[in-house]
Amino acid sequence: MAVASQLGGTRLAEAELASSSAAAQCITDTCLSDGPLGRVGLEIEAHCYDPANPHRRPSWKEISDVLAELPALPGGSAVSVEPGGAVELSSPPLDGALPAIDAITSDQDMLRSAFARAGLGLVSLGADPLRPAMRVNPGARYRAMEQFFAASHTGAAGAAMMTSTASIQVNLDAGPKAGWADRVRLAHALGPTMIAIAANSPLLGGQFSGWQSTRQRVWGQLDSARCGPVLTASADDPGTDWARYALKAPVMLVLNPDAVPVAHYVPFTDWADGRMLLGGRRPTVADLDYHLTTLFPPVRPRRWLEIRYLDSVPDDTWPAVVFTLVALLDDPAAADIAAEAVEPVATAWDTAARIGLGDRRLYAAANRCVAAAAERVPANLGEAMQRLVQAVEQGRCPADDFSDQVIGHGIAPTVARLAQGEL
């Protein structure tokens, strides 16, 4: 029966889509899973540096050699390497924020120790403040993405996004179907406030950018059809919104059999309806699934919800930030408080990235949100949560602390100290 099921899945993936309407139906049928709330998965990226020479980008071989010696991690996280050499931990889904935080914390400790033994360090910043963009991961997908961005006249932003940014991603159950619209709407509305709270990328390529979250600015410079928010004005049907977004988005890559970039603008709907043939054929279900992996909105449906708008932040900060976001989405009373608090700033993405808590409306929303989370925090996260509450009350985010260090000591020395765990 298992073999038959596998063969059935293979045949479905290879089935040609009859039209864009058929593609839309596939998306709406599978984008979210009806079920209870509660599970939390985390993905945390950190830039890899050589503390002895922070201007140097460690090679693919150096990073691969460390990972080859890495034992199974105690929290069960998988390890992967981003195009520019940033290292990512991806935890399994666990029952609640605290188990997820504990699991990935233990895995982070082991990962950092392994890199330290090799003379390397991992630094949690939303953007690389020092080195020029450069790809070290030789994967065919990343090479093709690089070519796509160059052909679409977003080469600089695409390269920066791929090789110079790092984030924390929070994965949450979609929850009961009756609540999907409100839940997805709130996940989007929280974006600007959470960006302001967690902004941690004031520099890029050796210069202050003028933005608290340069990572978010970089994403904003890419095609909004691929990287902008999914929601329509009504936001009453997340499945329909996601299908509309995905079909309008241009095809980035076609598997033929390796990833091949599409050098001209072809919305997926044109491929599905036969107005354009890519790779000499019409798309299959597998092509549609792959297309969805090349879309990077701030909230992405993957049966669960991927919350993708947080900068990578330091170890003493991220557990409180993660707990805050999970509490505001998964606790019904906190969600009601958050929905009211963030309504005035629900679309202030650029303002949040540029001046963060310097905006009085974002400041007010952030203080209400972290206060609501602090009322629900477990004892062993109390200290981290109190630091976050105090920082937000002072109108400060991690970018302010990093900027102070850079102004006082210089970019390279600050990065070197972070890589050695001294800050």
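Me: How far does the backbone oxygen of Arg 56 lie from a polar atom of the side chain of Arg 131?

Reply: This is a predicted model, in which local features need pLDDT of at least 70 and side-chain atom pairs count only at pLDDT 80 or more, while totals for chains, interfaces and linings use all residues. Residues are numbered from 1 along each chain as its sequence is written, and side-chain values use heavy atoms, with hydrogens and water left out. The side chain of Arg 131 has a polar atom 2.8 Å from the backbone oxygen of Cys 48. For the backbone oxygen of Arg 56, the distance to a polar atom of that side chain is 3.4 Å.

Me: What is the relative accessible area of Arg 131?

Reply: Arg 131 touches residues including His 47, Tyr 49, Pro 54 and Gly 205, where contact means heavy atoms within 4.5 Å. Arg 131 is buried (under 20% relative accessible area, whereas exposed is over 50% and partly exposed in between, with a 1.4 Å probe and protein chains only), and its value is 3%.

Me: Why is strand β6 largely enclosed by the rest of the structure?

Reply: Strands here are DSSP runs (E, at least two residues), numbered from the N terminus. On one side of β6 Ser 167, Gln 169 and Asn 171 are buried, and on the other Ile 168, Val 170 and Leu 172 are buried. Strand β6 is largely enclosed because the number of its residues that are buried is 6 of the 6.

Me: Which residue of β12 is the bridge partner of Val 170?

Reply: Strands β6 and β12 pair in the antiparallel sense over 5 bridges, pairing being called if DSSP finds at least two bridges between two strands. In β12, the partner of Val 170 is Ile 307.

Note on methods:
Helices (H or I, at least four residues) and strands (E, at least two) are DSSP runs, numbered from the N terminus. A polar contact is a pair of N or O atoms within 3.5 Å; within protein, one must be able to donate a hydrogen and the other to accept it, and residues adjacent in sequence count only if both atoms are side-chain atoms. Lists of a residue's contacts leave out its neighbours within four places in sequence.
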